[in-house]
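Let's take a friendly walk through a protein chain, one part at a time. Keep the sequence and the 3D view side by side as you read.

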Amino acid sequence: MKQLKGWGIGLRAMSNLKKYFFSAKRIIPSVSSVTTILIILFSFLFSLTVIQLLETILFFAILDFLLILFISKNRNDELIAIKNVIEMIRTNSFHSADEIQLGNDLKELEDEIKSMFLRTQNDITNLKRLEQVRTEFLGNVSHELRTPIFAIQGYIETLLDGAINDENVNKSFLQKANQHTINLNNLLNDLINISMIESGQMLMSFRYFNIHEFLDGIIHELKPVAEKKNLELNLVEYNPKLQLFGDKQRLRQVMTNLIQNALKYTEIGKVEVGIIEEENTGRIFVRDTGIGISNNDVNRIFERFYRVDKDRSREMGGTGLGLAIVKHIVDAHGSKIELVSHLGKGSEFSFCLKK
């Protein structure tokens, strides 16, 4: 048994030596060349006899063997360490980059692996966040679609059950069902718009245009809505000749949404639209004396399907996507939508366009 055990140890040792020399096969020619040059120098400098020369060759051969063994073992250990680190990264065994250690000799490689690990972790985090956003988005879309569809279905079923012959309610039910079809169409249009914007498929057409004429036309269209609520809707603070750079069609969508929102959430007072001319830009604002927005809601107001007052927004035909679309369009102009609001006093939305 002892003899067999000895043979096993010997075979393992030979296997390790073979592995080490295989790892160091690239340095063996270099070491051998240096050794050969040293032996030649020794033989010329010290006039070695044949016996002394053979002894010198044997000495350097043993030295080479030990040197190659030492270098190859270190190299093999380093490769094993690298392999283990990569395997642990692959199996998500590390919780932080600081746990990755390769030693001082591999410090540069260690830093690169740590950087790779951090990028991978960030990618994983972003993928999880995107998956969560996708799940929430699908849930919100399903809910928003069900609301008008169920309402339309309810009115139609009631009419079919006999209410169609009741002159007191039949017209009212049909009008309400029609309003829900309008809301549903608005929702689908907004979903198409935000999908095209976020996927980069919405084409923009930038050009200079007269901002006063542009805003005056939108205000003229929305004046009846303001008058119906006994609100003032005015264009203030403007230069009638000011030219700004942007996509008129998309900016019309932005301004219509902002003004309509201001009118929806303002019961007493006024809504003002204006342009403040600055050095290189024109700042467009929509200011109201409405209900205002709390600080908690201000931070989330531009999220998809986020509503300050969900019931009231749906009742007024809001899709919950308007401000998200506004933000994307303003961002596409290289600008940023800003909001200043005071609860119970009113809000002001603004953004800049290049002159």
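Two strands count as paired if DSSP finds at least two bridges between them. Helices (H or I, at least four residues) and strands (E, at least two) are themselves DSSP runs, numbered from the N terminus. What you are looking at is a predicted model, in which local features need pLDDT of at least 70 and side-chain atom pairs count only at pLDDT 80 or more, while totals for chains, interfaces and linings use all residues. Residues are numbered from 1 along each chain as its sequence is written, and side-chain values use heavy atoms, with hydrogens and water left out.

Let's begin with the whole chain. Its secondary structure comes to ten helices and seven strands. Buried residues make up 34% of the 355 residues; here buried means under 20% relative accessible area, exposed means over 50%, and partly exposed lies in between (1.4 Å probe, protein chains only). A contact means heavy atoms within 4.5 Å. Among contacts between residues at least 6 apart in sequence, 68% join residues at least 24 apart.

How far can you trust the picture? The predictor's confidence in each residue is called pLDDT and runs from 0 to 100. The chain averages a pLDDT of 79, and 83% of the residues score at least 70. Over residues 1–11, however, the pLDDT is below 50, and this stretch has zero contacts in the model beyond near neighbours in sequence. Where pLDDT is low, the predicted coordinates should not be read in detail.

Now find the strands E4 and E5. Strand E4 (residues 270–277) and strand E5 pair in the antiparallel sense over seven bridges, and a hairpin joins E4 to E5 through three residues. Across this pairing, Ile276 stands opposite Arg283 in E5. Is E5 enclosed or open? Seven of the eight residues of E5 (residues 281–288) are buried, so this strand is largely enclosed by the rest of the structure.

Seven bridges join E5 to E7, and the two run antiparallel; Gly282 stands opposite Leu353 in E7. Strand E7 (residues 346–354) is also joined to E6 by five bridges, again antiparallel. In E7, Ser347 is the bridge partner of Ser341. The hairpin of E6 and E7 has three residues between the strands, and Gly344 in this hairpin takes a positive phi near 85°. Strand E6 (residues 338–342) has two faces: Leu339 and Ser341 make up the covered one, whereas Glu338, Val340 and His342 make up the uncovered one.

Next, look for rings. Rings of Phe, Tyr and Trp (its six-membered ring) pair if their centres lie within 6.5 Å; planes under 30 degrees apart count as stacked, over 60 as edge-to-face and the rest as tilted. The structure holds five aromatic pairs. One of them is the tilted pair of Tyr208 and Phe245, with 4.9 Å centre to centre and 50° between the planes. Tyr208 lies in strand E1 (residues 207–210) and Phe245 in strand E3 (residues 243–246), so the pair ties together parts that are 37 residues apart in sequence. Tyr208 is partly exposed, at 48% relative accessible area, and Phe245 is partly exposed too, at 24%. Phe209 and Phe214 form an edge-to-face pair, 5.2 Å centre to centre with 65° between the planes; both of these residues are buried.

At 14% relative accessibility, Asn210 counts as buried. A polar atom of the Asn210 side chain lies 3.0 Å from the backbone nitrogen of His212, and one lies 2.9 Å from the backbone nitrogen of Glu213. Leaving aside neighbours within four places in sequence, Asn210 is in contact with Pro240, Lys241, Leu242 and Gln243.

Finally, turn to helix H7. The expected span of a helix is 1.5 Å times one less than its number of residues. For the 17 residues of H7 (residues 248–264) this comes to 24 Å, and the end C-alpha atoms are 24 Å apart, which agrees. The buried residues of H7 include Leu251, Val254, Met255 and Leu258.

Technical notes
Polar contact = N/O pair within 3.5 Å; in protein donor to acceptor, adjacent residues only side chain to side chain.
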